[in-house]
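Reader: I am new to this structure and would like to understand the terms applied to it. Please set each value against its definition.

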Amino acid sequence: MKQTTFAPPTALLSPAIGVCLCLAAAGCKDQAKESAAKAAQNVTQLGTLVDSDVGEVERGMPEGAKRLTKMVLANGADPRQDVAGVRTSLGRVRRDVQDLNLAKSTFFALADASGVAIRNDLEEDVMAGQNLFAVFPALAKARDGYVTTVGVFPNASTKNGPDEDWIAGVPVKRDNGTTGAVFVTGWTYRYFARHLQESLKDRLTDEAKASGDVGKIPVFYVAVFDKTGVYSAPLTPQVDEKALADQDLVGKTAGGPAQGTLAITDRAFGWAAVRTPRLAPDTGVVVLRSEL
């Protein structure tokens with residue numbers, strides 16, 4: 001019987017094919033670097049947007065608190081005795097204060113001076129009766145002035161994985177200057193990441209139209225990160241979120257903006273991250289991007 005010999009796989013490749021593979025690999029690396037460079041531009045823009053979003057809350061909350069003084073604390077009124085009126089007042093303040101109307105908050109709420117939530121502006125209120133100072137200890141400082149903090153509401157469930165809540169509070173003063181209630185608002189990091197991602201999508205769509213490539217935008221995802229993890233927008237593949245979590249974004253951005261490249265399911269990506277201290281300490285935004 002004639003013996004058949006098999007050449008090693010590398011020997012079966014012609015020099016031309018080998019060159020093509022090398023060029024393809026180099027092309028992937030170049031594409032990833034291009035994506036990282038563009039992601040760096042995108043994340044810088046989003047960092048500015050974060051500052052603007054937080055600024056809306058910083059300006060709007062004190063103004064809203066002044067209005068609530070007249071609505072729920074006038075003449076020594078106890079807001080706990082008029083829960084329906086509190087909700088109505090919260091809705092009115094949100095509509096009438098421009099910064100609060102523009103704010104990305106998912107709720108506005110009123111708590112008593114001890115931190116117990118009285119009512120929020122949502123149809124279904126799962127906050128009422130919770131001691132917000134116990135859940136978010138730093139929020140107790142809101143009895144004296146504007147404060148922000150980060151934590152997690154108890155029994156909060158999400159199909160997108162763990163999440164964090166960003167909370168802002170400010171005192172509602174009585175006519176005699178004492179704190180009669182606390183005005184509270186906030187959003188989750190995943191919800192905020194979705195807002196940032198939608199904003200970036202609008203920008204990329206406009207850029208594609210301007211260049212004549214209508215509808216041709218890169219694959220991209222946006223996430224908020226801090227020391228506890230990475231919180232991407234809903235519908236982000238878990239494998240992509242995990243890849244970002246593995247990058248040690250907090251450490252890499254300690255000295256300033258950072259960027260890099262990686263491969264996820266055989267696709268070349270570039271990422272860029274920047275800290276957003278106005279949102280919270282050791283917190284930032286990251287963009288993961290891959291060109292079509």
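Author: Arginine 119 lies in strand 2, residues 117–120; strands (E, at least two residues) and helices (H or I, at least four) are DSSP runs, numbered from the N terminus. This is a predicted model, in which local features need pLDDT of at least 70, side-chain atom pairs count only at pLDDT 80 or more, and totals for chains, interfaces and linings use all residues. Residues are numbered from 1 along each chain as its sequence is written, and side-chain values use heavy atoms, with hydrogens and water left out.

Reader: Why is arginine 119 called buried?

Author: Buried means under 20% relative accessible area, exposed over 50%, and partly exposed in between (1.4 Å probe, protein chains only). Arginine 119 has a relative accessible area of 14%, and is therefore buried.

Reader: What makes the pairing of the side chains of arginine 119 and asparagine 120 a polar contact?

Author: A polar contact is a pair of N or O atoms within 3.5 Å; within protein, one must be able to donate a hydrogen and the other to accept it, and residues adjacent in sequence count only if both atoms are side-chain atoms. The two side chains make such a contact at 3.2 Å. The arginine 119 side chain also reaches the backbone oxygen of leucine 122, at 2.9 Å.

Reader: Which residues are in contact with arginine 119, leaving aside its neighbours within four places in sequence?

Author: Contact means heavy atoms within 4.5 Å. Among them are Val83, Val86, Leu90 and Asp125. In helix 2, Val86 and Leu90 are among the buried residues.
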